Structure formats: structure tokens, C-alpha cells
Amino acid sequence: MNTNLADIFPTTYRDRFRTAAGRGEQVSEIRLRISRPAILMEGDREYFLRDDGVYTKHMEQAWHPDRQALEEILSHLCQYSLYAYEDELRQGYITIEGGHRVGVVGQAVQESVGAIRTIKHISALNIRIAHQVLGAADPVLPYIYKGGSLYNTLIVSPPGCGKTTLLRDMVRQISGGNAYGPARTVGVVDERSEIAGCYMGQPQNDLGPRSDVLDACPKALGMMMLLRSMSPAVLAVDELGSGEEVRAVRMAASCGVSLMATVHGMDMQDAQAKPGMGELLAEGIFTCMLVLKRDRQGRCRVRQIFHRRRMDGIWEEVARDDAAGWL
């Protein structure tokens with residue numbers, strides 16, 4: 001996380017990113033497309049990047065990277081060994097030092113039907129800048145514990161609204177112990193390398209002293225592997241969705257493991273309507289739900305917190321808006 005933003009680029013391109021590096025805490029994405037304007041995102045605010053690195057609101061003034069620029073930048077990000085990153089590239093992204101994730105698109109080369117061997121003729125890069133917010137989970141900690149025990153907690157959030165940031169800090173504080181509960185061993189299945197931001201197997205984000213990370217592994221498989229090999233007290237996964245993942249969550253719950261997970265959704269009703277997820281919620285697998293949203297100023301907010309009543313299975317709102325706090 002200490003990597004200077006400009007240093008992730010080849011020397012010949014660093015001057016273009018000096019201004020962005022000075023605003024590194026605000027920059028969330030850098031999008032580079034062949035013969036298209038270079039765009040930087042700071043939250044929900046969009047800026048164009050001039051050839052001299054200065055921000056502008058005028059698209060016609062923007063730097064338009066060519067194919068050579070993208071290939072040189074990607075080669076540098078892969079430490080000049082694209083072959084070493086082939087397994088990651090076939091997934092459409094790589095993770096670099098600092099935990100930053102780089103999405104890659106171009107011409108897919110198929111290995112077999114439904115399987116990608118690599119991507120060539122790169123046409124665009126999306127550099128997502130990693131930001132760890134220590135203390136992001138502080139406002140919700142009182143609601144995910146009861147008498148020192150953890151609720152199985154589901155975070156419901158629209159895309160880009162801080163669910164992974166919140167989950168990451170929940171893992172950190174659960175692993176380290178806090179005022180509401182003792183320290184626990186946490187198994188993290190980080191399929192897309194976004195929670196821990198692993199680089200060469202080493203987490204770049206602080207997940208606490210008792211967290212074990214299985215990086216770049218499918219969630220359903222990873223949950224079973226961690227249960228068998230690492231004996232976690234808590235399992236954490238991001239973006240549940242498939243039927244296999246739902247079945248793995250059900251299996252983990254039957255083993256007595258506490259669960260921390262996220263799912264895309266606008267509200268509780270949206271989560272309940274999702275195939276598989278609705279079943280888990282109806283069965284009482286999850287007993288706490290955190291619903292996130294973005295306010296008019298673009299800040300991510302915990303809008304509502306629900307607990308599932310044991311006696312009748314009804315979800316009861318226990319906090320909303322200011323009572324839950326800001327991320």
C-alpha cells in the first residue's frame with residue numbers, strides 16, 4: 001500500500017501521472033484506452049488527463065494513449081514477464097504490488113470452448129487503486145456481535161459502494177479482537193484478489209494477525225479447502241452469487257463456522273429476491289444484514305442494519321443512517 005502511484009508506470013510515462021500521484025488518496029481508477037481520452041476517477045468525479053499530466057475537464061485536451069503505450073505500461077506492470085502473469089491475465093486482470101488491480105481487455109485467445117488462454121492486442125487497461133480504510137467497520141461492530149459471539153453477517157451493496165472496504169476492515173478487527181469480541185482465526189477466500197490485495201501470495205492489505213488468505217481461488221472450492229486445512233472460526237467471502245457458492249455457505253454454516261459475506265443488491269428485498277441467496281436468508285443462515293448506499297455527495301453509507309429474530313424469522317431494523325455511521 002506504500003507504493004507511489006507514479007512508480008507503478010514505466011519511467012517514460014511517470015511524468016504524466018505526477019499530479020495523480022499527489023492526489024493518490026482520492027484516485028480510485030485510471031482508465032487507459034487505445035486512441036481514447038485517458039480518464040481518472042476520484043470517487044464519482046471524472047477527470048481527463050492531459051499529456052503533461054495535468055487534470056482537465058475538457059475531453060479534447062486529454063492524452064490519447066496509443067497501443068505502444070498500453071503495451072509498455074502492461075509489460076512494466078507484469079515486471080516485463082507477461083508469461084509469469086498468464087494465469088492471471090486469462091482471468092482478465094492482474095494484481096500488482098500495493099494491492100492495486102489492473103483490468104485488461106483486448107483480443108481473447110481461447111484454449112478450448114469456454115476457456116481463455118490469454119489476452120493479446122491489448123486495447124484498454126483499468127487500474128483500480130487500492131485504498132484500505134482502517135476503522136471503516138467501527139460503526140457496525142456493535143451490531144455484528146451479541147454477547148461476544150458473531151452474527152453471520154451479509155453486506156448488501158450496489159457496485160462501487162464500499163462493501164469490500166467494509167468487509168476487509170471487519171476481517172481485520174475480528175482477527176485482531178476488539179471491544180465486542182475476542183480474536184478469532186479468519187479464513188478469507190479472495191477469488192478476485194480484492195480483499196487482501198495479494199501480490200505474489202502476500203497480502204498487501206492489513207487483515208489482522210489471525211487471517212489466512214486463499215488468493216485467486218473460486219469461492220466455493222476455497223471455502224471447502226479452508227474448512228479442511230485451516231480450521232477457521234470465521235469464513236469471509238466477497239460477492240456471493242452462484243449455486244455452488246450458496247451450497248458451500250450452507251455447508252460451512254453446518255460446521256459451526258461464522259460467516260462474513262457480501263452480495264450485490266440495492267436493498268434487503270433485492271437480496272431476498274436473488275436465487276439461492278433468498279433461500280439462505282429464509283433458512284436463517286445469515287442473522288445480520290448491513291445495507292449500503294451512496295449519498296448525494298458520493299459518500300458510501302451504511303443505510304440500514306437488520307437482525308433476524310430467532311422466534312419468527314422476521315428481519316427487524318435495528319439501526320439506520322446516522323446511527324449506523326459512514327464508511
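Which residues of strand β2 (residues 39-42) point one way, and which the other way? Select β2: Ile39 and Met41 point one way, Leu40 and Glu42 the other way, and all are buried. Buried means under 20% relative accessible area, with exposed over 50% and partly exposed in between (1.4 Å probe, protein chains only). Strands are DSSP runs of E with at least two residues, and helices are runs of H or I with at least four residues, numbered from the N terminus.

This is a predicted model, in which local features need pLDDT of at least 70, side-chain atom pairs count only at pLDDT 80 or more, and totals for chains, interfaces and linings use all residues. Residues are numbered from 1 along each chain as its sequence is written, and side-chain values use heavy atoms, with hydrogens and water left out.

Glutamate 29 has methionine 41 as its bridge partner in β2. Five residues lie between the strands of this hairpin, and serine 35 takes a positive phi near 60°.

Now show strand β3 (residues 45-49), joined to β2 by four bridges and running antiparallel to β2. Methionine 41 has glutamate 46 as its bridge partner in β3. The hairpin of β2 and β3 has two residues between the strands, and glycine 43 in the turn has a positive phi of about 65°.

Finally, select the cysteines. The structure holds zero disulfides, a disulfide being a pair of cysteine sulfur atoms within 2.5 Å. The sulfur of cysteine 78 is 17 Å from the closest cysteine sulfur, in cysteine 198, too far for a bond. Cysteine 78 counts as buried because its relative accessibility is 0%.

Methods. Two strands pair if DSSP finds at least two bridges between them.
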